[in-house]
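The entries follow the order in which I looked.

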Amino acid sequence: MSIFCSLQFPDTAGYVGFANLPNQVHRKSVKKGFEFTLMVVGESGLGKSTLINSLFLTDLYPERYIPGAAEKIERTVQIEASTVEIEERGVKLRLTVVDTPGYGDAINSQDCFKTIIQYIDNQFERYLHDESGLNRRHIVDNRVHCCFYFISPFGHGLKPLDVEFMKAIHSKVNIVPVIAKADTLTLKERDRLKRRILDEIAEHGIKIYQLPDADSDEDEEFKEQTRVLKASIPFAVIGSNQLIEVKGKKIRGRLYPWGVVEVENPEHNDFLKLRTMLVTHMQDLQEVTQDLHYENFRSERLKRAGRSSCSVAKLCLRSDKHSTFIYMSVFVYHFTLKLLLKNYLLSDLCACFWIFMEQYCQKSSTNRIPGTL
């Protein structure tokens, strides 16, 4: 008897089975897991670490050292990446949080964000290198998908450093402005500060992350949620790792002589809205990073390689022709195999060729003995 006799097939007329494809994608995605990289930038003392721990209910900095005031004056910006595996209902998330201690702490903070920009570009460069390699099955995506930029609530809007930093990275990463320590503001002060920040962002031409519009076929609840999230930008949040008992129920919050500020109470702050935005639009943040920011970096990288082709060609002609011919032959043979095996784009092949020849000719013009390989 055939094995197919024991299987159950739907008896619905006209049913082929394409409707099961989303379930296949879901099972495969859950088995593979998800990757997300979040960068937090802001001055010291704004509660960045506390907010991240509150968002993901974990402790990313168990042994963190907090420098004193004298050390902060001479401290330079550092990059600290912490990776944690989070599992919820069988879904695994590899979360990487990139912190930037030392940002804005120095007396002269003119060039303090160059280290951050270099880190973002290095992750793009590493992904481009891995994507152009021979084995592309297990590429670790460390590109920064989102940047929470913390704004001080004690000022009257954006500082010059805030403006310069966001203008420098808004074409490289998705910026989500966050007003820190919102419990220091009244409701009127919070609304006034939000409007001021949005006006200054528009005035300086800063591009922050825009939530996608809800499709027409979405339910009304999701449309309303999207509308509320858009109206809440920039998010005014508070964070706390302490559990306080209120009316027989333990909640995360801050206890003051005049009352309790609840972290997960939407009437007190925008913490829940920020978490909802991050969770429901995590895939969109990754797609914008891939389709917009990474493609811009990649196209600029290829253009820069193409512009250097003329100078490289002239340098090759001045070098020994026999050695250059042999190196070019080996290169073309090697990448032709890769092109056939991995279906490489011709632009990638040309870019790699000019990078290779530029490095070879620079070495040959300084270290090579004429007439030798």
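**Entry 1: the model.** I am working with a predicted model, where local features need pLDDT of at least 70, side-chain atom pairs count only at pLDDT 80 or more, and totals for chains, interfaces and linings use all residues. Residues are numbered from 1 along each chain as its sequence is written, and side-chain values use heavy atoms, with hydrogens and water left out.

**Entry 2: α2 and α8.** Two packed helices are described by the angle between their axes and the distance between the axes. Helices (H or I, at least four residues) and strands (E, at least two) are DSSP runs, numbered from the N terminus. I looked up α2 and α8, which pack at about 65 degrees with their axes 11 Å apart. Axes are lines fitted to C-alpha atoms, for helices over the stretch in contact, and angles run from 0 to 180 degrees between N-to-C directions. α2 and α8 are therefore roughly perpendicular; angles under 35 degrees count as roughly parallel, over 145 as roughly antiparallel, 65 to 115 as roughly perpendicular and the rest as oblique. L51, S54, L55 and F56 of α2 make the contact with F271, L274, R275 and L278 of α8 (contact means heavy atoms within 4.5 Å). By class, I find six nonpolar, one polar and one charged residues in this contact. Ala, Val, Leu, Ile, Met, Phe, Trp, Tyr, Cys and Pro count as nonpolar, Asp, Glu, Lys and Arg as charged, and the others, Gly among them, as polar.

**Entry 3: α7 and α8.** Helix α7 (residues 220-231) packs on helix α8 (residues 271-280) at an angle of about 120 degrees, with the axes 10 Å apart. That makes α7 oblique to α8. I note a left-handed crossing for α7 and α8. On the α7 side, Q225, V228 and L229 meet K273, T276, M277 and T280 of α8. The contact of α7 with α8 has three nonpolar, three polar and one charged residues.

Entry 4: On a 1 Å grid over the protein atoms alone, a cavity is a set of points where a 1.4 Å probe fits but cannot get out, and a pocket is an open set with protein on both sides within 12 Å along at least five of seven lines; lining residues have an atom within 4 Å of a point. The second largest pocket holds about 570 Å³. It has 15 lining residues, and F56, E88, L93, V279 and M282 are the closest to its centre. I sorted its lining into 10 nonpolar, two polar and three charged residues. How large is the largest cavity? Its volume is about 30 Å³. G42, E43, Y103, Y149, F150, I151, S152, K159 and D162 line this cavity, and strand β4 (residues 146-151) gives the most, with three residues.

**Entry 5: backbone.** I found a cis peptide bond from I233 to P234, with omega near -5 degrees. P234 is in the loop between α7 and β6 (235-236). K181, a residue other than glycine, has a positive phi, near 50 degrees.

Methods
A crossing is left-handed if the near helix is turned anticlockwise from the far one by less than a right angle, and right-handed if clockwise. Grid points are joined across faces, edges and corners, and a volume is the space filled by probe spheres set on the points.
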